[in-house]
Each structure stands twice: as C-alpha cells, then as structure tokens.
Amino acid sequence: MTNMEQDRWSRVKGRLRTSVGEDVYTSWFARMDLEGVQDESVHLSVPTRFLKSWIQAHYADRVLTCWQAEMPEVHRIDLTVRTAMRSTATAKEPTAPADQRRTEQTNGRPAPELRATATAPVSASHDALGGSPLDPRLTFASFVIGRSNTLAHAAARQVAEGRRGDPVMFNPLYIHAGVGLGKTHLLQAVTWAGNSGNERKVLYLTAEKFMYGFVAALKTQTALAFKEALRGIDVLVIDDLQFLQGKSTQAEFCHTLNALIDAGRQVVIAADRPPSDLESLDDRVRSRLAGGLVVEMGSLGEELRLGILKSRVAAARAHHASFDVPEAVLDYLARTITHNGRDLEGAINRLLAHSKLNAQPVTLEMAEREVRDLIRPQEPKRIKIEDIQRVVARQYNVSRSDLLSSRRTANVVRPRQVAMYLAKTLTLRSLPEIGRRFGGRDHTTVLHAVRKIEALVARDIALSEEVESLKRQLQE
C-alpha cells in the first residue's frame, strides 16, 4: 500500500466513523483493512465471513459513499475474507513466519523461542478436525502480559498445559473483553499449545463457524455425526460467542456445552461481554457459562501498551533488521494510542512502511503525522447494572439482595426505584432486561419506577442532588 493510499484510507475511516458512530464503527469496521486500490475498485478485507456478509448487507453503500468522497472515480467495493487468504498462504509456505519467534516478557526475561516448524503439523491436525483458521503469530510466546490480563493468561495457560485425564479445575473458562484487547490471541494460543503434544484434540471455532457447521449438517442430514464429532473433542474453544444466533443453533450449543462439561472435557469461550449481558442467548446457556470461571480482560495500561509496542518492533526486525523506533517515539505511541492492541500494531506497521518506502529513519515528528487518526478521544466509562446496584445499595445502606428482593418497605422501595432509573438513563439496556436484572420484575414495574423518579427529581432538590451524586460516582 502506497503512502497516498494509506492517507486516503485513514481519511475514509474517519468519514466512516463519523457517519455510523463510534459504537457501530468499533463493532463492524475496526478490523477492516485496505488491501489496495485498482482502477475503479477498492479492495478491502475483514477476518470473518460473518463480518463480510453483514457489512455487504447493511453498510456497502455507506462504505462506497465514504470512498467516493475521497476518490469520485471509485464505483466498486470488493470485500474479501482475510482468514481465507492467510490459510492459502500457509498451504503454499508450510514453514511458520519468522515473526512467530517473538518473545514474551515475564519478569523482565524472554521466554524460550518456539520452533517455527512446530506450527505446520499442529495446523494440519487442527484443520483436519474442521476448525477455524489459526494465525501462527498468536501464541503464548508472543502474548505480552500486564496487570489487566494476568489472570486470563494464567487461566488459559493452565488449560493449555493440562493432559488428557487430568481433573478440570474450572469449566467453562469464559474470557470477555472489548475489541482488540487479546481474547482471540489467548484462545488461539490455547489451541496451538494444546495441540502441539498431539495427546489431546483441541478445536478452535468461531461462533460463526459453529453456526455454519451445524446448519450444513442439518441440510446434509449429518447432524448426528456433527454432534458426535464435537463431543469427542478434549478441549473445545469458541470465539466471539456474542455472534451466536438462531434458536436451534443455540440449543445445540447448549447441549454440546453440557455434554462436554458433564464428561469432564474442557470448554474455553470468549465474547465481548459477560455471560449475563448476552441477552440473545437462552437463560440456561447464560447460567451454565456463568457457572465456570469468568475473567475480564481490562483496558491496556500504558506500561502494557509499551510492552506490546516493543514486542511488535522486535517482530518487525525479524524481517527488517535495520528497522528501529526510538524510545521517545515508543513512549509517545504508548501514551497517546489508548484504544486497543490492533491500533498499536497498526502504528508500528505504518512507521515500518514509511521508513522503508521513503528510506527515512523513524522520528517523533514522523510518528505524530502518521498515527494522528489513531489517537482517539477517551471513551466514556461503560457502566454496568451491577455497578449501579452496588453504589445505590451503599448510598442508602441496604444490601444488593434487598434491591432484588420482593420487599416493599419504604427504605427498600425508593433505592430500588432510583437504581432502576439510573439503569435506564446510564445504560443501553431495555426495560425488560432491567426488570430481569432486578429480581425478574415486569418491564411495566421498571417504567413506573423511572417515571416516578423523573417526577420526584423535577421537584425535590435533595433527591435531585442525590441522583447527580450517584451518577458522578458511577462515571468516575
């Protein structure tokens, strides 16, 4: 990609983010990459078929319009699935890329190098099981550990190092985090490490691949064989569970989950939110998921961001020995690019491209110019209903169980109504979902509470100040 194309792509992404909003952009376009511009066509790629079909169905015209604002001659958007291209490249070149030999910083010392040739038989074995494509770079050796992901890394490592027949310590292991914080990296690392000994069958599937597999089995009347194959897996790894759709598919997933757990097999799952927030899933599935170890991977701290940047620079040097990024530039990137790990990797890729194509050393001035679109305003804190219940209970000296109970005494009813009001105004949850999270109440009860507090706040100064104080506590 030329510098001109890169600049255009940055401006198009800015237009797209403004057009659809930050939440939609993060959900559907954060992982879209520009492959090139040819004649009247723009070639873009995404990592999954689900993203491709969704963008084509809902946002194709929007993407084309944003490109035409920069290049009026563009009349076609060609969207491909990136994982398919990587899989083809792996088939042509079985030796894993040198940047796999990145080191993991643990207590300041690098972990031992992985053998590049070890990935080929693991990948072939995994593909034979019908798994989703694996990226050879996403191993434990290349995962950078920090305060926000220590527990998730330790739990994933414990699963990967287990042996067939060992007792399962926690099941399922459920990891949740926002976009670009390392969920997929950990899940694929579990798969690579778990399959490397050839003792256990470890299968990595995206929720999309699980859905396609089940639907295809129904169409070809091989559903029984599909179920038996899945239940014969020693460790089942499911990524992006939030995309699992369809009643029959969810029911089959629930049966598979129960069968594996009851048989003492390990299940590892990742999603972008905790089990209780997966509103599209059946209550039984959410309950079973919450019954294991649920671990959140938090946002990347500055120290961890710096570690990731250094790791990416070291990986780039495997191919470009002269590539160097001064410490001042790394500090600047770690301090200003705060959103996710993919933005950090993108920043290093830009500096590498600019340095190599223009034969210029990396400087702070160049970095400020090249990554300006990656410096995003700080997002408001995501407030959870559990946080609201905890803060309100503490403010009014009641317990959280009181708020969820059927008690109707005055000292409980008012705090409960305030908590419901805050849940409606500070979160995107629907009235039925709020009612469910408050002891299974009807949505009309929530609506009554919201209207009641709205009316009281308008005329009761003391209550208005209390509510504003609670909002500040929750948003800090």
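These legends describe close-up views of one predicted model. Residues are numbered from 1 along each chain as its sequence is written, and side-chain values use heavy atoms, leaving out hydrogens and water. In this predicted model, local features need pLDDT of at least 70, side-chain atom pairs count only at pLDDT 80 or more, and totals for chains, interfaces and linings use all residues.

**View 1. Confidence along the chain.** The average pLDDT (the predictor's confidence in each residue, from 0 to 100) is 81 for the chain. A score of at least 70 is reached by 87% of the residues. Residues 84-120 stay under 50. For that stretch the model has 50 contacts (heavy atoms within 4.5 Å) beyond four places in sequence.

View 2. Four aromatic pairs occur in the structure. Rings of Phe, Tyr and Trp (its six-membered ring) pair if their centres lie within 6.5 Å; planes under 30 degrees apart are stacked, over 60 edge-to-face, the rest tilted. Phe 29 and Tyr 59 form an edge-to-face pair, because their ring centres are 5.3 Å apart and their planes stand at 75 degrees. This pair links distant parts of the chain, 30 residues apart. Phe 29 is in the loop between helix 2 (22-28) and strand 1 (33-38). Tyr 59 is in the loop between helix 3 (49-58) and helix 4 (60-70). Helices (H or I, at least four residues) and strands (E, at least two) are DSSP runs, numbered from the N terminus. Both Phe 29 and Tyr 59 are buried. Buried means under 20% relative accessible area, exposed over 50%, partly exposed in between (1.4 Å probe, protein chains only). Ring pairs also bring Tyr 25 into a cluster with Phe 29 and Tyr 59.

View 3. Strand 1 and strand 2 (residues 41-46) run antiparallel, joined by five bridges. Strands pair if DSSP finds at least two bridges between them. Val 37 has Val 42 in strand 2 as its bridge partner. Two residues separate the strands of this hairpin. Asp 39, in the turn, has a positive phi of about 55 degrees.

**View 4. Helix 9 and its end.** Helix 9 covers residues 207-219. Its buried residues are Ala 207, Glu 208, Phe 210, Met 211, Phe 214 and Ala 217. Gln 221 follows helix 9, with a positive phi near 60 degrees.

**View 5. Arg 286 in helix 12.** Helix 12 (residues 283-290) holds Arg 286. Arg 286 is buried, at a relative accessible area of 8%. Beyond its neighbours within four places in sequence, Arg 286 is in contact with residues including Pro 275, Glu 279 and Arg 436.

Definitions and conventions: Expected span 1.5 Å × (residues − 1).
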